[in-house]
Structures are given as structure tokens and as C-alpha cells.
Amino acid sequence: MTPSYVKPYVKRQKNDAADAEAICEAVTRPTMRFVEIKSGEQQSIMVLHRVRLTLMRQRIQLSNTIRGHMAEYGLVAPVGRNGLAQLITIIGNCDDVRVPDLARDCLAVINVQILETDRQSSDKRTCDRCRPAPDGGAGRGTGNGERNRSSGS
């Protein structure tokens, strides 16, 4: 059962004993609704989406790291992948004297991590699972993996 259904039955401060008592009280109510247990396939799809989300967050963190360090040298690029590509081009150009060799080597390591994160997040096996069926139906597509919590649906 969801915590929001149990919360009204908690009589005092939040601790394990009070929570257990509230759960016991809530379970005895005839109108109590319970959450269905997810199948292994449903849980796997949730894991897939969360891992991809984690990879995308890591990519953003890495790209912001490159942007921040390059800004220390006065090199700023537009927002987005194209702007980052401009900075990466500068990092890859050993003849460009605006970035010292030590910083260039360190930022190249970050660039390798970005490329690896991109590869992992766009892995064909993962993408095929997320793509909707060609007929527009659900197929094996998973949508966004989770309900939109802000809309309450």
C-alpha cells in the first residue's frame, strides 16, 4: 500500500513502531486499496529508464565540467551539443595555444567519458526496447517509464 494511505493513521512522531502500528490500522480498513506488485518485466523497464536517466545526468555533468574549465581560459560556447562540440574541437586541436597541454590532457579524459556515456545511453538493445511500434501502437515501447507525478495521473 502506498505511504499516503497509511499517513492518516500515524498518531505520533515518525518512527518504525508508529509506522508499523499505522500500517496495521490501515490494513484493517475495508476501503483500503493496495498497490499491485510489479512483474519482473515491468520492473526491468523501470530499471532501463532510470539507468538511461542516470547516464544522461552524468553526461550533462561532464559537459558542464568541460564548459566550466574552458570558461576559466575565456573560451565560452553556445548552449547545447553544438556549443560543446566547438569546445571539444578546441581541446582536440593540439596547435591551439589557448589551452595549456596539462589542461587539454585532463579535459580529453572528460571528453572520452562523454563519448562512452553517449555510447551506453544510445545502445541499440536499449533503444529498441524504448521505441514505439511502427503502427503507432504501444508495441514494446515503454513511453517514459513512469507516470507524470506532477499531473497526478
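Here is a short chat about this model.

User: What am I looking at, an experiment or a prediction?
Analyst: This is a predicted model.

User: How many helices and strands does the protein have?
Analyst: Six helices and zero strands. From the N terminus on, the order reads α-α-α-α-α-α.

User: What is the average pLDDT?
Analyst: The protein averages a pLDDT of 81. A score of at least 70 is reached by 80% of the residues. Over residues 145-153, though, the pLDDT is below 50. That stretch has seven contacts in the model beyond near neighbours in sequence.

User: OK, burial. What share of the protein is buried?
Analyst: Buried residues make up 26% of the 153 residues.

User: Which residues touch the most others in the largest nonpolar core?
Analyst: That core has 14 residues. I66, M70, L75, L87, V99 and I114 touch the most other members. The elements giving two or more residues to this core are α3 (40-71), α4 (81-92) and α5 (101-121).

User: Take M70. What does M70 touch?
Analyst: Leave out residues up to four places away in sequence. Then M70 touches L75, L87, I90, I91, V99 and L107.

User: Now α4. Which of its residues are buried?
Analyst: G83, L84, L87, I90 and I91 are the buried residues of α4. They cover an arc of only 115° around the axis, so they sit on the same side of α4.

User: And which residues are exposed on the other side of α4?
Analyst: N82, T89 and G92 are exposed there.

User: What covers the buried residues of α4?
Analyst: The cover includes α3 and α5.

User: How far does α4 reach?
Analyst: α4 has 12 residues and reaches 16 Å from its first C-alpha to its last. That is close to the 16 Å expected at 1.5 Å a residue.

User: Let's switch to T117. Is T117 buried or exposed?
Analyst: T117 lies in helix α5. T117 counts as buried because its relative accessible area is 7%, and buried means under 20%.

User: Which residues does T117 contact?
Analyst: L55, R59 and L62, leaving aside its neighbours within four places in sequence. R59 is also in contact with R81.

User: Back to the start of the chain. Which residues of α2 are buried?
Analyst: A18, D19, A22 and A26. Their arc around the axis is only 100°, which puts them on the same side of α2. The buried residues of α2 pack against α1 (3-6).

User: What is on the face turned away from the buried side of α2?
Analyst: That face carries the exposed residues D16, A17 and C24.

User: Last topic, cysteines. How many disulfides are there?
Analyst: A search of the whole structure finds zero disulfides.

User: Is C94 buried or exposed?
Analyst: C94 is exposed, with a relative accessible area of 60%. C106 is partly exposed, with a value of 45%.

Technical notes:
Residues are numbered from 1 along each chain as its sequence is written. This is a predicted model: local features need pLDDT of at least 70, side-chain atom pairs count only at pLDDT 80 or more; totals for chains, interfaces and linings use all residues. Side-chain values use heavy atoms; hydrogens and water are left out. Buried means under 20% relative accessible area, exposed over 50%, partly exposed in between (1.4 Å probe, protein chains only). Helices (H or I, at least four residues) and strands (E, at least two) are DSSP runs, numbered from the N terminus. The arc is that of the directions from the helix axis to the C-beta atoms. Contact means heavy atoms within 4.5 Å. pLDDT is the predictor's confidence in each residue, from 0 to 100. A nonpolar core is a set of buried Ala, Val, Leu, Ile, Met, Phe, Trp, Tyr and Cys residues joined through side-chain atoms within 4.5 Å. A disulfide is a pair of cysteine sulfur atoms within 2.5 Å. The expected span of a helix is 1.5 Å times one less than its number of residues.
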